[in-house]
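Hello,

The structure you asked about is below. My notes on it follow.

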Amino acid sequence: MTSVPTPIPSRTQYVLDAIRHRILTGLLTPGQALVETELAAQFGVSKTPVREALKTLAGTGLVVMSQYKGVTVRTVDAGMAHEVYDVRLLLEPEALRRAVRRGAPLDAARAALARADEATDTAERSLANREFHRALYLPCGNPLLGRMLDEVRDQAALVSAVAWAAAPSWEREAAEHREILRLATDGDADGAADALHAHIASFVRRAFPDPLRPPEPSTSPRSPEPLRPPEPSASPRSPEPLWAPEPSTSPRSPEPRPAGGER
């Protein structure tokens, strides 16, 4: 009796997963060129699966295809990070609110959180973090909303990986994840959504402060007031004179004499 061979992933999927893992672990750095022939030789495949994998990664935002520069790993800066996280802030808390109100099971989120705690490298942690968030928003009851958030998953994972490489803060994010999950498990839809919003917003502010954003009106420096010269109309009255002439003695122009010299 012969055993049935275990199905293996397609070559394109194999290359896709391998390149994604290398990007999220920092083995392929932002801005690095991805040459089809070199990748094909490394993975022992033809250029076709490499080309298809790169097209898929371009669609998820991990790589950039340029007519002149070829394919490169996407760079991460404050502008890119805020673009991705603005989308998450607009959609993800509402998706979680709806999921909790529907009484959706959260076992997948709990399992992803456990995998993240046990992760041994940044890529595993980033991917587990991505699955945790997906498990919170996917059962929102609106498939289109879920797909919209899926479209930024890889980019959000890249932002997290780059941020953690510069300043590891996973323990803080993990504690916030546990609090979000607790609120959601308790059925507190608004509390879970608010905690998720604060979690996403605080992370991107810490990791990628945006110097180009204008300050909020309430934070513009107004105290102390800048020194300015006195207004011209105010200068004659400051300081006040020590005495003021009587009204009757106020200087008045002499009355004109009657014509003809009459007095």
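Contact, in these notes, means heavy atoms within 4.5 Å. This is a predicted model, in which local features need pLDDT of at least 70 and side-chain atom pairs count only at pLDDT 80 or more, while totals for chains, interfaces and linings use all residues. Residues are numbered from 1 along each chain as its sequence is written, and side-chain values use heavy atoms, with hydrogens and water left out.

Helices (H or I, at least four residues) and strands (E, at least two) are DSSP runs, numbered from the N terminus. Buried means under 20% relative accessible area, exposed over 50%, and partly exposed in between (1.4 Å probe, protein chains only).

Glu176 lies in helix α9, residues 170-185. With a relative accessible area of 18%, Glu176 counts as buried. Neighbours within four places in sequence aside, Glu176 is in contact with His199 and Ser202.

Helix α2 spans residues 36-43, and Leu39, Ala40 and Phe43 are buried in it. Down the axis of α2, these buried residues fall within an arc of 100°, so they line one face of the helix; the arc is that of the directions from the helix axis to the C-beta atoms. The buried residues of α2 pack against α1 (11-25) and α3 (47-60). Gly44 follows α2 and has a positive phi, near 70°.

Strands β1 (residues 63-66) and β2 (residues 70-73) form an antiparallel pair over 4 bridges; two strands pair if DSSP finds at least two bridges between them. A hairpin of 3 residues joins β1 to β2, and Val64 stands opposite Thr72 in β2.

Regards
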